[in-house]
Amino acid sequence: MKLRVLLLFFVFSFFLANAQDKNEINPVYRGENEKINDLVHTKLKVKFDFAKRQLNGEAWITSEPHFYNVQELTLDAKSMLIHKVSRDNKELKYEYDGNKLKIKLANIYAKGEKYTIYIKYTARPEEVKQEGSAAITDAKGLYFIDPDETDPDKPTQIWTQGETESSSCWFPTIDSPNQKTSQEIYITVPNKYTTLSNGLLNKQIKNNDGTRTDYWKFDQKHAPYLFFMGIGEYSIVKDKWKNIAVDYYVEKEYEQYAKGIFGLTPEMIQFFSDYTGVEYVWPKYAQIVSRDYVSGAMENTTAVIHAEMAYQTSGDLVDENSWESTIAHELFHHWFGDLVTAESWSNLTVNESFANYSEYLWFEYKYGKDHADAHLHDEIVGYLAGGNELKDLVRYHYNSREDMFDGVSYNKGGAILHMLRNYIGNAAFKEGLKVYLNENKFGTGEVHQLRLAFEKVTGKDLNWFFNQWYFNNGHPKLNFTYTYSEAANLVTVAIKQKEENNFDFPLAIDVYENEKPKRYDVWVDEKEKSFTFKYTNKPKLVNVDANRTLLAEKTDNKTLENFIYLYNHGKNYEDRREAIEGVAKNQGNDVAFKTLIKALNDKYFGLRILAIDKIDISKSNAKGAIKIIEKLAIEDKKTLVQAKAISKLDLFEKSEYASLFNKALQSKSTSVKVSALSALYKVDKNAAMAYANAITEKTEKESLKDALIPVFILDKTEAQMPFVADNLIAGMFFSDDKTKQNIYKEGFQWVAASDNEEATQNLVNAFVKTGKQYKQYGADKMAKQVLQQVLSMKNESNYSNKDRMIKIIQEGLESLK
């Protein structure tokens, strides 16, 4: 499952005071669930009661004893109505407490003896009470989206979410990641709906009552949490890899963009097959985009679900496919997570850390090392910002299994795999993946099996690596100092570890006497360790961690001259990034400023953007820099750089740039148009508002909302107030831009004090939705406080529709109880 880390970071930051301490150590041991019975096959027949938000189902569960004789089967079945339990048409006795269904088998079964239990039931997801992830507060397994067809802006859909243990909210099963079962599902829906499930659509049967039954069959075995159903009115865009169907299920208005969003999937399948040495084993690969699915995405075997954030238009895709890393992430789970599944949530790293690192592998293959390193940089920043330092990567003690889905299992785990790959080498890393997958496929895995696979390939003992990185917490916090003995032609690098835990690690040190450095590979295994190197000419730079692979916080006492030299001679993205940030603090120095100007034309677009952001164009000697930025705004091959350059020129608020901004509004790029509209508003308000008010097409308006919302607020455009109200929360709470926050707060006051009923309804809906989604972080309390404030403002008004608006707000408050 892919979490949208940046969004969640802002959520966590805002509501952290209301959240429980996730670093708290729970004394309860959370190991692998005991296997008494093993699932063999699951057959389901399901129909939906849209009005009641319920599922009427029949299940045939085939199991066998794991080892010891059994005469009872215990299934997870959350908040269901159980109508009948039988075997071979003979009713069986059972006990049901609303969570566990204990069935008396009326026979003794030995290992190898299979038996099938029939259960007739009603699933009631709205009755389920269990903790979910940060994104899905109520983990009810089965979700009805606008089932009454009352929301004109939202289609009726149904989707399921099984991870961690919520498949048992819609069918009885042994809901544990160490179970594996094949499946078949008969899904009956109104004729207008399309269905998607795991495996292949074997047949479709039209019924006499206006419904259709789709029969999905999946012969391979996977974990129950990977079962999936998706239902709605979808266009199916066809693609393929070799002879395997690769399909994209999207709403009609996004049909034309589907291949732009998902079209690299076949190439990804081939790349990951080649990289792991294990060819994609499943019979199809489908991806569906569903409404109100806020976890990001989920790797249901052969039937991946994506949140609507995946939707992008051609203007967005010109800039970049912001969902590409998520697509790669969920696909790689079909090796790590689906083919070999973590035996317990404590070992989640063998699922999520690999999926996280697959994003790096794909970007490196497709776009080069700089782009991959930039992505890894952001992932590490996310880990460091998340308050995760006291958590082991493999955790056998935690409060809730949902706590495992964090910046340690994802971001840190991916960075650890990057270190391991660098230590043993790419060829050995790939071979280790192949051994691990082949030895455990269609089964489960844990970290010890992963270590043994890499040891088998490399011949190395890797206990030291796994003990400190997988079964321990934290990361090195290092201080580097340099001492030169010019009389002896020696330089000494002193490395001090400041953290409580002592880490052992290899380290590459490059000593630059000239443009070609001398590489020294050293080993750090003490709190304080020094290394001395002989030189002929005094080094212009000593670059510690030259490979830039160590997960650590580093205090490096480089001089300005070192930073300048590092930018000009450093090999890696992180070298040049560190240098840009270093010289940016010293722009009064002429050489430093020229280095920053040089960085405006860095080979990697991300560093061009960073240089634009850092450079001070108010300086008297900045004319050359401004000319370059003007050129970048018009000609850079990356539209994201163009957009950043326009935003930089925006700081001048000069009317002479109006023509440049107007021309930029004709760009195909969303980011360029967003920057241009924001800039144009400051120098030619009438032209900007004419452009903004002319945008009526829904998808284009949604794409440009980051520019439209602020100008509509500042201009107090009454006709656009409902649109503004629907989009205020992101700018008010989920942005670290203070200017943006203030504008959006002004917009809130504008809407709250108005007599616009539609805008009031949109505002209430937005806060209610956010309050429910992030309830466990106190968002519901925040939403109530805000809506109470709006209620007070409406009460004090003299509007003729005052009572109707008050009712809207009161209904919103009631729904948050």
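Visitor: Which residue in β20 is the bridge partner of Ile 288?
Guide: The bridge partner of Ile 288 in β20 is Ile 305. Before we go on, this is a predicted model, where local features need pLDDT of at least 70, side-chain atom pairs count only at pLDDT 80 or more, and totals for chains, interfaces and linings use all residues. Residues are numbered from 1 along each chain as its sequence is written, and side-chain values use heavy atoms, with hydrogens and water left out.

Visitor: In what sense do β18 and β20 pair?
Guide: Strand β18 (residues 284-290) and strand β20 (residues 303-307) pair in the parallel sense, over 5 bridges. Strands here are DSSP runs of E with at least two residues, helices are runs of H or I with at least four, and both are numbered from the N terminus. Two strands count as paired if DSSP finds at least two bridges between them.

Visitor: What is the strand order in the sheet?
Guide: The order is β16-β17-β18-β20-β19, making an open sheet of 5 strands with mixed pairing. At the edges are β16 (235-241) and β19 (297-298), each pairing on one side only.

Visitor: Which helix packs on the sheet?
Guide: That is helix α3 (residues 265-276), which touches β16, β17 (244-250) and β18. Contact here means heavy atoms within 4.5 Å. The direction of α3 makes about 35 degrees with that of β16; axes are lines fitted to C-alpha atoms, for helices over the stretch in contact, and angles run from 0 to 180 degrees between N-to-C directions.

Visitor: New topic: how many salt bridges does the structure hold?
Guide: There are 49 salt bridges, each being a side-chain nitrogen of Lys or Arg within 4 Å of a carboxyl oxygen of Asp or Glu. One of them joins Glu 389 and Lys 477, at 2.8 Å from N to O. Glu 389 sits in the loop between α7 (369-384) and α8 (408-424), while Lys 477 is in strand β23 (residues 477-485), 88 residues apart.

Visitor: And Lys 518, what does that pair with?
Guide: Lys 518 forms a salt bridge with Glu 513, with the closest N and O atoms 3.4 Å apart.

Visitor: Is Glu 513 buried or exposed?
Guide: Glu 513 counts as buried because its relative accessible area is 9%, whereas Lys 518, at 40%, is partly exposed. Buried means under 20% relative accessible area, exposed over 50%, and partly exposed in between (1.4 Å probe, protein chains only).
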